[in-house]
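Try each task yourself before you read the solution.

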Amino acid sequence: TLEPYDDDNIFARILRGEIPAKPVYEDDYAFAFHDINPQAPTHVLVIPKGRYVSWADFAAKAADAEIAGFVRAVGAVARELGIEETGYRLLANAGPHSHQEVPHLHVHIFGGKKLGAMLV
Ligand code: 5GP
């Protein structure tokens, strides 16, 4: 598996306030901020506040309230960004085959333009 969780990963440091980020949304369960290297006019990352490497790790270990809170946060961010009507894409990489760079679960939200067709 991709675990154990590394407390020195860059998103853990952002959550601790050690590295700045441009915030979009925050609640008890989630934090959202603009990607430093945006791949679309809107490119936001939503992360759970808990220590989870991947979707599978989160699904296996998180409390139901954390899971519900995170899912609701992703939806709230899409709504607050104003891209609900024009559309958006969610993406979560996990592990080497996906090119996951940062080993803290994150959902990318892409929008603000007509996106390319989904490729694998
Ligand atoms: P992954 O490839 O792991 O799914 O995506 C990691 C994302 O994190 C990339 O899109 C990358 O641009 C973004 N990223 C990496 N380091 C930082 C950082 O220090 N601040 C912010 N805001 N985004 C970062």
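**Exercise 1. Which residue of E2 is the bridge partner of Tyr25?**

Solution. Step one: look in E2, where Tyr25 finds its bridge partner, Ala32. (Strands, E, at least two residues, and helices, H or I, at least four, are DSSP runs numbered from the N terminus.) Residues are numbered from 1 along each chain as its sequence is written. Keep in mind that this is a predicted model: local features need pLDDT of at least 70, side-chain atom pairs count only at pLDDT 80 or more, and totals for chains, interfaces and linings use all residues.

Step two: zoom out to the whole pair. E1 and E2 run antiparallel and are joined by 3 bridges; strands pair if DSSP finds at least two bridges between them. With 3 residues between them, E1 and E2 make a hairpin.

**Exercise 2. What span should helix H3 have?**

Solution. H3 covers residues 64–80, which is 17 residues. The expected span is 1.5 Å times one less than the number of residues. That gives 24 Å, and the end C-alpha atoms are 24 Å apart, so the two agree.

**Exercise 3. Which residues of H3 are buried, and which are exposed on the face turned away?**

Solution. Buried (20 or more other C-beta atoms within 10 Å of a residue's own, exposed being 12 or fewer, with C-beta atoms placed from the backbone) are Phe70, Ala73, Val77 and Ala78. They sit on the same side of H3 because they cover an arc of only 130° around the axis, taken from the directions from the helix axis to the C-beta atoms. The face turned away carries the exposed Asp64, Ala65, Ala68 and Arg79.
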